[in-house]
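Welcome! Take a moment to look over the sequence and the 3D view, and then let this short briefing walk you around.

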Amino acid sequence: MWETGRKRTGARNRRGLSRLYREAQDVLFAHQDGQASSVVEAAGTGVVVRVLTRYTELVEAMVGVAAEAHEYLVVTGSRSREESYLTAIENAVEQQPDLVHYRVLYGPPRHTELADHLVRLLELRHPGERRNGVRTLRIGVVPQSAMEQHFVASESAAVVPLPSFHGLEGFDCGVLLGREAAVGLVQHGREALASARAVETVEAVRALWERRGGPRGQGEI
């Protein structure tokens with residue numbers, strides 16, 4: 001009811017939520033106070049830091065978001081296969097034990113590179129591990145009825161791939177978004193995982209890959 005504006009948040013809870021989310025009260029509760037419904041709406045096109053018109057720019061920006069994440073790293077989709085991008089995610093998980101990493105899958109991995117990546121994540125960090133009371137690795141498959149989403153987001157930046165500006169096929173363009181949009185996409189990922197089926201073992205990844213029809217004996221899985 002607070003989020004939809006049907007009920008106002010009291011002063012004490014506002015102070016607590018402001019500390020929890022490290023955000024000013026006038027931003028968190030603007031929709032309750034008759035202002036813009038969200039900080040993104042207030043910022044408008046200002047949330048777009050850069051339009052990425054080439055595949056090399058897209059990959060570079062996605063790698064940058066993963067490499068610079070310190071608190072949260074949310075990745076969605078089941079089609080990732082770019083080695084430098086997947087390696088950047090693994091490096092972030094390995095080098096920053098406090099980083100909370102969420103991977104939201106939409107069905108089984110489409111490529112062996114992603115299946116192998118999921119295995120490496122589970123080898124780097126146990127999904128039951130907690131830091132400051134929070135689970136720091138969550139991998140889940142959302143219901144099949146959900147429309148697949150593609151983005152990578154940290155606490156400070158996000159990249160959303162877009163259909164190609166140059167031809168019929170592929171997602172080789174995108175937009176680099178600033179903090180306001182990134183925070184919203186992190187929340188998007190957290191909510192998606194709330195309805196997801198957890199993937200917490202190498203065996204569970206193997207089962208997904210075999211369900212997809214991936215041949216046994218290929219790749220590291």
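This is a predicted model: local features need pLDDT of at least 70, side-chain atom pairs count only at pLDDT 80 or more; totals for chains, interfaces and linings use all residues.

Residues are numbered from 1 along each chain as its sequence is written, and side-chain values use heavy atoms, with hydrogens and water left out.

**The sheet**

- Helices (H or I, at least four residues) and strands (E, at least two) are DSSP runs, numbered from the N terminus.
- Eight strands make up an open sheet in the order 1-9-8-7-2-3-6-10, and their pairing is mixed.
- Strand 1 and strand 10 (197–198) sit at the edges with a single partner strand each, so one side of each has no neighbour in the sheet.
- Two strands count as paired if DSSP finds at least two bridges between them.
- Strand 7 (residues 152–154) and strand 8 (residues 158–162) run antiparallel and are joined by two bridges.
- Three residues lie between strand 7 and strand 8, and the two strands form a hairpin.
- In this pairing, valine 152 stands opposite valine 159 in strand 8.
- Strand 8 is also joined to strand 9 (residues 173–177), by five bridges, and these two run antiparallel.
- Here proline 161 stands opposite glycine 174 in strand 9.
- Glycine 140 stands opposite alanine 198 in strand 10.

- Helix 7 (residues 179–194) has 16 residues, which at 1.5 Å a residue should span 22 Å; its end C-alpha atoms are 23 Å apart, which agrees.
- The expected span used here is 1.5 Å times one less than the number of residues in the helix.
- Buried means under 20% relative accessible area, exposed means over 50%, and partly exposed is in between (1.4 Å probe, protein chains only).
- The buried residues of helix 7 are Ala181, Ala182, Leu185, Val186, Gly189, Ala192 and Leu193.
- They cover an arc of only 145° around the axis, which puts them on the same side of helix 7; the arc is that of the directions from the helix axis to the C-beta atoms.
- Leucine 193, found in helix 7, has a relative accessibility of 4% and counts as buried.
- The C-alpha atoms of leucine 193 and glycine 140 are separated by 6.1 Å, although the two are 53 residues apart along the chain.

**Salt bridges**

- A salt bridge is a side-chain nitrogen of Lys or Arg within 4 Å of a carboxyl oxygen of Asp or Glu, and by this rule there are nine salt bridges.
- One of them pairs arginine 179 with glutamate 23, with the closest N and O atoms 3.0 Å apart.
- Arginine 179 lies in helix 7 and glutamate 23 in the loop between helix 1 (11–21) and helix 2 (25–28), so the pair ties together parts that are 156 residues apart in sequence.
- Arginine 179 is partly exposed, at 36% relative accessibility.
- Another salt bridge brings together the side chains of arginine 79 and glutamate 148 (3.1 Å, N to O).
- Arginine 79 lies in the loop between strand 2 (72–76) and helix 5 (83–95), while glutamate 148 lies in the loop between strand 6 and strand 7, so this pair ties together parts that are 69 residues apart in sequence.
- Arginine 79 is partly exposed at 44% relative accessibility, whereas glutamate 148 is buried at 18%.
- Arginine 110 also forms a salt bridge with glutamate 148, with the closest N and O atoms 3.7 Å apart.
- Through shared partners, salt bridges join Arg79, Arg110 and Glu148 into one network.

**A nonpolar patch**

- Val48, Val51 and Phe165 form a nonpolar surface patch with about 250 Å² of accessible area together.
- Patches are made of residues with over 30% relative accessible area and no salt bridge, with like charges joined within 9 Å and nonpolar side chains (Val, Leu, Ile, Met, Phe, Trp, Tyr) within 5 Å.
- Accessible areas come from the Shrake-Rupley method with a 1.4 Å probe, and for residues only the protein chains shown count as cover.
- Valine 51 belongs to strand 1 (residues 48–52) and is partly exposed, with a relative accessible area of 45%.

**Two positive phi angles**

- Most residues other than glycine have a negative phi.
- Arginine 22 has a positive phi of about 55° although it is not a glycine; arginine 22 lies in the loop between helix 1 and helix 2 and is exposed at 61% relative accessibility.
- Asparagine 132 has a positive phi of about 55° too, and is not a glycine; asparagine 132 sits in the loop between strand 4 (130–131) and strand 5 (134–135) and is exposed at 75% relative accessibility.
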